[in-house]
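Work through the exercises below with the model in view. Try each task before you read its solution.

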Amino acid sequence: MPLHELGYRTWDGHRSSPLLRPLVVARGGISLVLKSRWLRLGFLLAWLPVILPTIGIFLFEYSITNPNLSRGVSNIFRGPLQRPDLAQQVLEDPAGARHEVWTLFILTFFRYPQLFAMVCLIGLIAPLLVSYDLRTKAYLMYFSRPLSPTEYIIGKSAVIWFLLGMIVTVPGLALYFVGVLLSPDFSVVPETWDIPFRILGASVVLLVPTTFLAIAYSSLTSENRYATFAWFATWVMGFVSYQILTFSPAAMADRAPRRRRRGGIDWEEMGIDLDRWRLLSPYHTLGKAEAWVFGLDPTEGSVIPAMTVLIVVSVASFWLVRRRLIAKLKA
């Protein structure tokens, strides 16, 4: 009888639930990411923009009882936010405009500073998650344990979901609850109770497709710099293409906007269709879906094409990563 059995043996120990196995992968990835001093500093900087919408909600709530502030708050919507109709409603019926004002401030927070922070953060982290494992063959260590490719992908994605949740979802929820605390009374809660659920829905719309796309880029190469380039190129080229194809006809015709409506400038009068080329740009596609979730979609086009593209990108990216992992394991 041999003293040492060198062949494969069945695992007789306790196995954790399949639902908990991705957490092992995620926990290791999160601990490695948080060791970076620059990324920790980036998280702190990503929280700073939440101050502006908080001040906006605070000023709006106190303008209801202090008419002297109403004109200044109205100018915010008339100018930077391009909502003259809402500016007029703030002056005439501020209580009736409360829900739309709150959601507009939170959507602006999602659309501009936090989306930019998301693109930068994923561009720095995601390319390393799979490509590094492929280059060092660390994936063999993962799959030497009872871990499926799907659980591996979910675990790697959870690293990004956790980090993005800390700079997008958590600040958004904190913004709402701080807004409630800064309000003159708690009567705002029955009027705005659905906003936290809209924040969670917009977070899912933002996090899921972007994470799976970044993971897919990372799985296509063992050199993370190529994945990083592909990630940023997708956003930059998509944004530039949309801007050129959408606004160049008006620029060539030298037509200035003559009337304003719900979204500010009357683009239809200028012959501009904001939805025609939207699907070329991830930034504008996400913007359409997020605005729909918050109930503030400024364009008349259907949200179905944008949501369909986001779902297709998520499913196709997940399938591609899983296929790449299975091919590596069979090699």
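A residue counts as buried when its relative accessible area is under 20%. The model is a predicted one.

**Exercise 1. State which residues of helix 5 are buried, and where they lie around its axis.**

Solution. 
- Step 1: Take helix 5, residues 84-92. Its buried residues are Pro 84, Leu 86, Ala 87 and Val 90.
- Step 2: Look around the axis. These residues cover an arc of only 160 degrees, which puts them on the same side of helix 5.

**Exercise 2. Describe how helix 4 and helix 5 pack.**

Solution. 
- Step 1: Read the geometry. The axes are 7 Å apart, and the angle is about 165 degrees.
- Step 2: Apply the cut-off. Angles over 145 degrees count as roughly antiparallel, so helix 4 is roughly antiparallel to helix 5.
- Step 3: Helix 4 and helix 5 form a right-handed crossing.
- Step 4: List the contact. Helix 4 brings Ser 70, Arg 71, Val 73, Ser 74, Phe 77 and Arg 78. Helix 5 brings Pro 84, Leu 86, Ala 87, Gln 88, Val 90 and Leu 91.
- Step 5: Sort these residues. Seven are nonpolar, three polar and two charged.

**Exercise 3. Repeat the analysis for helix 10 and helix 12.**

Solution. 
- Step 1: Locate the pair. Helix 10 spans residues 195-219, and helix 12 spans residues 282-293.
- Step 2: Read the geometry. The axes come within 9 Å and cross at roughly 160 degrees. That makes helix 10 roughly antiparallel to helix 12.
- Step 3: List the contact. From helix 10 come Arg 198, Gly 201, Ala 202, Val 205, Leu 206, Pro 209 and Thr 210. From helix 12 come Leu 286, Ala 289, Glu 290 and Val 293.
- Step 4: Sort them. The contact has seven nonpolar, two polar and two charged residues.

**Exercise 4. Summarise the whole chain.**

Solution. 
- Step 1: Name the secondary structure. The chain has 13 helices and two strands.
- Step 2: Of its 331 residues, 43% are buried.

Key. Residues are numbered from 1 along each chain as its sequence is written. This is a predicted model: local features need pLDDT of at least 70, side-chain atom pairs count only at pLDDT 80 or more; totals for chains, interfaces and linings use all residues. Side-chain values use heavy atoms; hydrogens and water are left out. Axes are lines fitted to C-alpha atoms, for helices over the stretch in contact, and angles run from 0 to 180 degrees between N-to-C directions. Helices (H or I, at least four residues) and strands (E, at least two) are DSSP runs, numbered from the N terminus. Angles under 35 degrees count as roughly parallel, over 145 as roughly antiparallel, 65 to 115 as roughly perpendicular and the rest as oblique. A crossing is left-handed if the near helix is turned anticlockwise from the far one by less than a right angle, and right-handed if clockwise. Contact means heavy atoms within 4.5 Å. Ala, Val, Leu, Ile, Met, Phe, Trp, Tyr, Cys and Pro count as nonpolar, Asp, Glu, Lys and Arg as charged, and the others, Gly among them, as polar. Buried means under 20% relative accessible area, exposed over 50%, partly exposed in between (1.4 Å probe, protein chains only). The arc is that of the directions from the helix axis to the C-beta atoms.
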